[in-house]
Amino acid sequence: MDEEIAQFDLLVDEAWPAPGRAEDGGWVYRHAGGVTKRANSVLALGERTDLPEAVGRAERFYAGLGQPCVFSVGMGASRGLDDELARRGYRLVDPTLVMTRPLTSGGLAAGAVVEDAPSERWLHTWWSVDGGRHRDTGEIPARTWGERILSGVPAGYVLLDEGAVGRGVPQGRWLGIYCMAVEPRVRRRGLGAAVLRTLLAWGEGHGADSAYLVVTEANAAARALYEREGFTVAGRYHYRVRP
């Protein structure tokens with residue numbers, strides 16, 4: 001595996017850690033009660049000489065959990081995986097862009113306070129905008145799964161009282177931007193940009209020299225914001241979902 005190519009697959013996995021993980025020959029089966037595809041999909045990196053059999057084992061694993069089998073197919077995905085999944089009838093879902101920008105010293109101004117844990121108000125805002133589409137499917141509530149994902153690694157949390165939140169994850173020279181959410185009633189007021197700039201300044205103060213984020217190709221409004229803030233496309237990934 002070319003680590004330069006696969007670095008964003010690994011960064012995203014680290015910053016959005018699934019509480020449940022099992023490994024098979026370098027592939028990671030991630031599961032978190034169905035909350036987000038990212039945390040409930042196979043991270044399939046590295047060469048495989050047993051590709052059809054490996055896919056079959058992944059299918060059986062998720063069937064045992066009562067979940068659909070989903071693969072994250074990024075820049076470091078196992079050679080031939082996408083074709084194998086397409087041959088099996090897997091749907092291509094959520095084409096996603098990886099966007100990056102450098103952090104220039106002195107060019108960013110801190111705004112709101114960045115906390116080291118999400119408050120109840122932060123969680124309510126994020127869940128109401130982005131997380132609430134996930135239903136409770138077992139004994140553990142869906143939002144609890146979301147909270148477990150968020151708390152899996154150290155991160156910084158920004159909350160604007162007007163109704164906007166964001167999460168930054170320091171990862172060495174990289175800062176990962178996650179959970180950008182603005183309540184519908186206060187959109188188009190610059191709150192998303194204010195949250196983003198605060199996180200970028202905070203990340204620079206924690207030693208990062210570059211930032212990345214992921215956004216679905218279909219989210220034109222978010223893409224426009226990130227482009228205005230200096231982010232450019234560095235890579236792509238998508239999901240394959242078993243029918």
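1. **Ground rules.** Residues are numbered from 1 along each chain as its sequence is written. The model is predicted, so local features need pLDDT of at least 70 and side-chain atom pairs count only at pLDDT 80 or more, while totals for chains, interfaces and linings use all residues; side-chain values use heavy atoms, with hydrogens and water left out.

2. **The cavity.** The structure holds 1 cavity of 30 Å³ or more; a cavity here is a set of points on a 1 Å grid over the protein atoms alone where a 1.4 Å probe fits but cannot get out. The largest cavity has about 90 Å³ of space, a volume being the space filled by probe spheres set on the points, which are joined across faces, edges and corners.

3. **Its lining.** The largest cavity has 14 lining residues, meaning those with an atom within 4 Å of a point. Phe8, Asp9, Val12, Ser72 and Tyr237 lie nearest the centre. Helix H1 (3-15) and strand S11 (232-241) each supply at least two lining residues, and H1 gives the largest share, 4 residues. Helices (H or I, at least four residues) and strands (E, at least two) are DSSP runs, numbered from the N terminus. By class, the lining has 7 nonpolar, 2 polar and 5 charged residues; Ala, Val, Leu, Ile, Met, Phe, Trp, Tyr, Cys and Pro count as nonpolar, Asp, Glu, Lys and Arg as charged, and the others, Gly among them, as polar.

4. **Arg240.** Strand S11 also holds Arg240, which is buried at a relative accessible area of 10% (buried means under 20%, with a 1.4 Å probe and protein chains only). Its side chain makes a polar contact of 2.8 Å with that of Asp82 (a pair of N or O atoms within 3.5 Å, one able to donate a hydrogen and the other to accept it). Leaving aside residues up to four places away in sequence, Arg240 touches several others, including Cys69, Phe71, Leu85 and Tyr90 (heavy atoms within 4.5 Å).

5. **Helix H2.** H2 (residues 51-65) reaches 22 Å between its first and last C-alpha, close to the 21 Å expected (1.5 Å times one less than its number of residues). Its buried residues, among them Leu51, Glu59 and Tyr62, pack against strands S2, S3 and S4 and helix H3. Gly66 follows H2 with a positive phi, near 75°.

6. **Helix H6.** H6 (residues 191-205) is mostly covered, with 11 of its 15 residues buried, including Trp202. Gly207 follows H6, and its phi is positive, near 95°.

How values were computed. On a 1 Å grid over the protein atoms alone, a cavity is a set of points where a 1.4 Å probe fits but cannot get out, and a pocket is an open set with protein on both sides within 12 Å along at least five of seven lines; lining residues have an atom within 4 Å of a point. Buried means under 20% relative accessible area, exposed over 50%, partly exposed in between (1.4 Å probe, protein chains only).
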